[in-house]
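Subject: The structure, and what turned up in it

Hello,

Here is the structure I promised to pass on. Please open it next to this email, and my notes follow below.

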Amino acid sequence: MGKPEVTRKNIILASIKLAKENGPSNVTVREICEEAGISKNTFYLYFHNRDEVFGETYFTDDDEKQRRFPQIMLEYDSPLEQFWELLKIDIERHVSYGPKLLATISMQNVQQINFFSDDPEQQPESVKVFISLVGKMQRMGEIKNMSEPFHIVKAVYNSAVGVDIRWTQMDGGFDFKKESFELLCTILQPTRPIENY
């Protein structure tokens, strides 16, 4: 990762840390800059305002997924179980944000980012991995849904955003992981149980 990507990620991580501690509405650009060790000018090279930062957090765990993916591949032979294991990384991160921060992140994400470009070059690495795993599930007969893998992953993403928003509106009042799992099963239509719930 080159320096601009490292700086951008540091700004995002500093924002998340401060928002978890103080609530997203109480975080200022000045505090983000202090936490990230950058100037305000540097901040504004990357983002227009504080809220824009929160919209870019959905894929901050791509490094974590890439780091854990080889171990997941060794531990689980099934692409279906590999997919679920990677999705759990997102679920754990979203729950760790808490309802207030996740509400801010979700609303900013919905407003400013489209991760599902038809151009594979524009897709985040984790989206490409999920698309590949869906294709493998289909070839191995692990799922009944034979739609285009790209469209299946997009449906999973859209349902995940719906779970995020509903969970925040209910102030964390339901089992986030269970709800995500049930929606995933509805979309994929597995032909066998997913053992690594």
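Helix 1 (residues 3-22) and helix 2 (residues 29-36) pack at an angle of about 115°, and their axes are 9 Å apart. Before going further, a word on the source: this is a predicted model, in which local features need pLDDT of at least 70, side-chain atom pairs count only at pLDDT 80 or more, and totals for chains, interfaces and linings use all residues. Residues are numbered from 1 along each chain as its sequence is written, and side-chain values use heavy atoms, with hydrogens and water left out.

Some terms for that pair of helices. Helices are DSSP runs of H or I with at least four residues, numbered from the N terminus. Axes are lines fitted to C-alpha atoms, for helices over the stretch in contact, and angles run from 0 to 180 degrees between N-to-C directions. The crossing of helix 1 and helix 2 is right-handed; a crossing has that hand if the near helix is turned clockwise from the far one by less than a right angle, and is left-handed if anticlockwise.

Which residues make the contact? On the helix 1 side they are Asn10, Ile11, Ala14, Ser15, Lys17 and Leu18, and these meet Glu31, Ile32, Glu35 and Ala36 of helix 2. Contact here means heavy atoms within 4.5 Å. Sorted by class, the contact has five nonpolar, two polar and three charged residues. In this scheme Ala, Val, Leu, Ile, Met, Phe, Trp, Tyr, Cys and Pro are nonpolar, Asp, Glu, Lys and Arg are charged, and the others, Gly among them, are polar.

Next, the core. The largest nonpolar core has 49 residues, and Phe43, Phe83, Leu87 and Met137 touch the most other members. Such a core is a set of buried Ala, Val, Leu, Ile, Met, Phe, Trp, Tyr and Cys residues joined through side-chain atoms within 4.5 Å. Buried means under 20% relative accessible area, exposed means over 50%, and partly exposed is in between (1.4 Å probe, protein chains only). The elements giving two or more residues to this core include helix 1, helix 2, helix 3 (40-46), helix 4 (50-54), helix 8 (149-169) and helix 9 (176-188). Helix 6 gives the most, with 11 residues.

Not counting residues up to four places away in sequence, Phe43 touches Ile11, Val29, Ile32, Cys33, Ile38, Asn49, Arg50 and Val53. Lys40 lies in helix 3 and counts as partly exposed because its relative accessible area is 45%. Beyond its neighbours within four places in sequence, Lys40 is in contact with Val29, Arg30 and Cys33.

Now to helix 6 (residues 79-112), where Thr104 lies. Thr104 is partly exposed because its relative accessibility is 21%. Leaving aside neighbours within four places in sequence, Thr104 is in contact with Pro24 and Phe54. Met107 is also in helix 6, and its 41% relative accessibility is why it counts as partly exposed.

Helix 7 (residues 125-140) has 16 residues and reaches 23 Å from its first C-alpha to its last, close to the 22 Å expected at 1.5 Å a residue. That expected span is 1.5 Å times one less than the number of residues. Among the buried residues of helix 7 are Val127, Phe130, Ile131, Val134 and Met137. Gly141 follows helix 7 and has a positive phi, near 70°.

Apart from neighbours within four places in sequence, Ser159 is in contact with Leu183 and Ile187.

Last, two backbone details to look at. Asp171, in the loop between helix 8 and helix 9, has a positive phi of about 50° although it is not a glycine. Asp171 counts as exposed because its relative accessibility is 57%. Gln189, in the segment after helix 9, is not a glycine either, yet has a positive phi of about 55°. Gln189 is partly exposed because its relative accessible area is 36%.
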